Amino acid sequence: MSLTSRMLIKFLQLSGMKGKLAKGSQKTFEEAVSYNRKHPFIMPNDHKAIYEQIDIQTSFGIYPCVKITQPDSRRDHAVLFTWGGGGLLNTWKSQLGMAVKLGRDANVPVYYPIYPLATEHSLLDTMEMIVETYGKLLEDYEADNISVIGVSSGGSQALDLITYINEYRQNLEKPGKVICVSPGCVPITEEERTRMEMLEDGDAMVSASFVYSFESISEHWGKYPDWVQHPTVGNYHGLKQVRFYYASNETLAFAVPSFRKIMEEQNVKASFYLRDHMFHAFPVYPVCRESRDAYRDILTYLGKEEHRQIREET
């Protein structure tokens, strides 16, 4: 464990971030609504990339997707990037830099949907917008040349995209690769709940309380099929390959055994990059040696049809 990673984890612990996300469903909802009002979507206009707004039509309105390119971006491959924020917080701006960096380093266009959040819409509305965005990509790219990358709650959306296609949009081809960085899931079994609560003490960022708050808030819009909140019971038939990245000590790593099991049962080629003593979503914050290693692994996985060397570090 590097000195930088130890210092960063200590900073996260002292910041109180974990406690700020563990205030119960009503308080969490109120604070999310307030945060989102202060952070509306504004089309980026910096000089770090070329930005283009694409309007995505859904059954409940039009939502923007930002296409991010560089002058020399490849034209035959693309990434659909679903950002995180617990499904509640409009953190699109703070994670835009991740998408810009990934697009630059992988030399591909990145599509960045500004999807509706659970404070105002159902999770199925969220998924409809993301699936419609993916459908737009299929107009310009071969499915095998599209990779879907999701971070935190966006990782759950990347998985739900596959189930949504299998359940409702069988006419859509599935993407060539799915990459999930600390995907946010709600436990569905008592075994999963026990694992999550056992891991919670080792996580500097995400509490079990926040996971349960998200479940309660999202159900304000009604009940869902199990897979929507619980991707560990999703329908992944036909998905060729998926790679998961977790800190093995993080709260959300409770889902690892369940994902191993369901991917094997459904004949999906799944691999796992696990690292001890790290923090939630560490691969997309390449600020220490361990996270830079994981980020380079993502780039390698993106760049080859078959991953060169599957590495598990526990």
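**Legends: the chain and its strand S2**

The accessible surface of the chain comes to about 13,800 Å², and carbon and sulfur atoms contribute 50% of it. The model shown in each view is predicted.

**View 1. Overall fold of the predicted chain, with eleven helices and eight strands.** Of the 314 residues in the chain, 57% are buried.

**View 2. The hairpin of strands S1 and S2.** Strand S1 spans residues 50-58, and strand S2 spans residues 61-69. Two residues lie between S1 and S2 in this hairpin. The pairing of S1 with S2 is antiparallel and extends over nine bridges. Threonine 58 has glycine 61, in S2, as its bridge partner.

**View 3. Pairing of strand S2 with strand S4.** Strand S4 comprises residues 110-113 and pairs with S2 in the antiparallel sense. Four bridges connect S2 and S4.

**View 4. Burial of strand S2.** Strand S2, which pairs with S1 over nine bridges and with S4 over four, is mostly covered. Of the nine residues in S2, seven are buried, each with under 20% relative accessible area.

Conventions: Residues are numbered from 1 along each chain as its sequence is written. This is a predicted model: local features need pLDDT of at least 70, side-chain atom pairs count only at pLDDT 80 or more; totals for chains, interfaces and linings use all residues. Side-chain values use heavy atoms; hydrogens and water are left out. Buried means under 20% relative accessible area, exposed over 50%, partly exposed in between (1.4 Å probe, protein chains only). Two strands pair if DSSP finds at least two bridges between them. Accessible areas come from the Shrake-Rupley method with a 1.4 Å probe; for residues, only the protein chains shown count as cover.
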